[in-house]
Amino acid sequence: MNALISSFILVFASEMGDKSQFMAMAFATFIKARTVLISILIAALLNMGIAVLFGSFITEYIPIKYVKLLAAISFLIFGLITLKNGHEGHEKIRKSKYGPVFTIISTYFISEFGDKTQLSTLALTATYKNPVFVLLGATAGIFMADVIGIVLGVYLGKKLPTRLLHYISAIIFIIFGFITLYEAKTL
């Protein structure tokens, strides 16, 4: 039980104010909250599952630098699409042939791959040697932190003008794109 509680607390705390929480908030300003919630839960479960199952094995074959570079490019593309097309950019994401669920899952998955929450989950798995409870605790922690971001995104979506939300959303994606590029550069 310590593995479950420790994993939840550590991952929840480290996720507060993290880029994926802001990304969930940004998506929730223009995609239905339920869709964002389901997508985030799936992506979080995949990321934490990878940390628990494969650990550092994956980074032997795919350098984390390249994963972060891919995440940065995704953030920048979403930000630029939103800046350029505003509401039309959001409609392109919503109505893409892959749909908003795949878009959110892939963006979130790539952005969290190799992030501190995934690395924490890897360390917790090694410490507690209880992968099921670590997986459940870490996934619940990251999901609950992102629920806060989604609720805030839905609230802002109702209170602020759409045009302003497009700019805020675009700026969030672009900022995290540059942050992630910097992180990739320093690896």
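I began with Phe27, which touches Val36, Ile104, Thr107 and Phe173 when residues up to four places away in sequence are not counted; contact means heavy atoms within 4.5 Å. A reminder to myself: this is a predicted model, where local features need pLDDT of at least 70, side-chain atom pairs count only at pLDDT 80 or more, and totals for chains, interfaces and linings use all residues. Residues are numbered from 1 along each chain as its sequence is written, and side-chain values use heavy atoms, with hydrogens and water left out.

Next I looked up the largest nonpolar core, and found 26 residues in it. Such a core is a set of buried Ala, Val, Leu, Ile, Met, Phe, Trp, Tyr and Cys residues joined through side-chain atoms within 4.5 Å, buried being under 20% relative accessible area (1.4 Å probe, protein chains only). Phe27, Val36, Ile40, Tyr108 and Phe173 have the most contacts inside it. Among the helices (DSSP runs of H or I, at least four residues, numbered from the N terminus), helix 2 (19–28) and helix 6 (99–112) each supply at least two core residues.

Then I turned to the surface. Leu80, Leu83, Tyr167, Ile171, Ile175 and Ile179 make up a nonpolar patch there; patch members have over 30% relative accessible area and no salt bridge, with nonpolar side chains joined within 5 Å. A salt bridge is a Lys or Arg side-chain nitrogen within 4 Å of an Asp or Glu carboxyl oxygen. Helix 9 gives the largest share, four residues.

Notes: Patches are made of residues with over 30% relative accessible area and no salt bridge: like charges are joined within 9 Å, nonpolar side chains (Val, Leu, Ile, Met, Phe, Trp, Tyr) within 5 Å. Accessible areas come from the Shrake-Rupley method with a 1.4 Å probe; for residues, only the protein chains shown count as cover. Buried means under 20% relative accessible area, exposed over 50%, partly exposed in between (1.4 Å probe, protein chains only).
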